[in-house]
Amino acid sequence: ANFLKVSTDPAKTFVAGLSMGGYGALKLALNFPDRYAAAASLSGAVDMATLMQREDRKDEIGGRVFGGALDASEDLHGLLAGSAAPPLWIGCGTEDLLIEHNRRFVDAAREAGLTVTTDFSPGEHEWGLWDAQLPAVLDYFAVHLP
């Protein structure tokens, strides 16, 4: 913490990621809500249970990533129930294969009572979209600073 001057104050700590990193950021925020002021996911793989059922991804996701089974602490939809997650920012391109997963996750998160800001802009699963969305994520985090 001293080398990088990373804050240990949850009010000044944020987590974000894109694609599988977006999944990871949300997983951290839902599992450890008291550690983060806000979290962001850009084109996140938010529905791993569904992705693991796809024949073209079953070995990659189910086998290598989760060892064949998705544990309850890894299922974002399951973690929403009773979660006290920090405010969430969810973005995804409207031409991204993950868009419907993200829309369903946002609906479920809001139904669970979480605060969610979205950016579903035209774009695919690529850096052009993420580069455009990153300033909004940083602004979102800045608003949540004490």
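**Exercise 1. Locate Leu-4 in the chain and decide whether Leu-4 is buried or exposed.**

Leu-4 lies in the segment before strand 1 (14–18), where strands are DSSP runs of E with at least two residues and helices are runs of H or I with at least four, numbered from the N terminus. This is a predicted model, in which local features need pLDDT of at least 70, side-chain atom pairs count only at pLDDT 80 or more, and totals for chains, interfaces and linings use all residues. Residues are numbered from 1 along each chain as its sequence is written, and side-chain values use heavy atoms, with hydrogens and water left out.

Leu-4 counts as exposed because its relative accessibility is 63%, the classes being buried under 20%, exposed over 50% and partly exposed in between (1.4 Å probe, protein chains only).

**Exercise 2. Identify the residues and elements that build the largest nonpolar core.**

Begin with the membership: a nonpolar core is a set of buried Ala, Val, Leu, Ile, Met, Phe, Trp, Tyr and Cys residues joined through side-chain atoms within 4.5 Å, and the largest one holds 26 residues, of which Leu-30, Leu-76, Leu-88, Phe-105 and Leu-114 touch the most other members. Next, assign the elements: two or more residues each come from helix 1 (20–31), helix 2 (48–53), helix 4 (76–80), strand 3 (88–91) and helix 5 (99–111). Helix 1 gives the most, with five residues. Apart from this core lies another, of nine residues, including Trp-89, Val-137, Tyr-140 and Phe-141.

**Exercise 3. State how many helices and strands the chain has, and their order.**

The chain has six helices and four strands, which follow the pattern β-α-β-α-α-α-β-α-β-α along the sequence.
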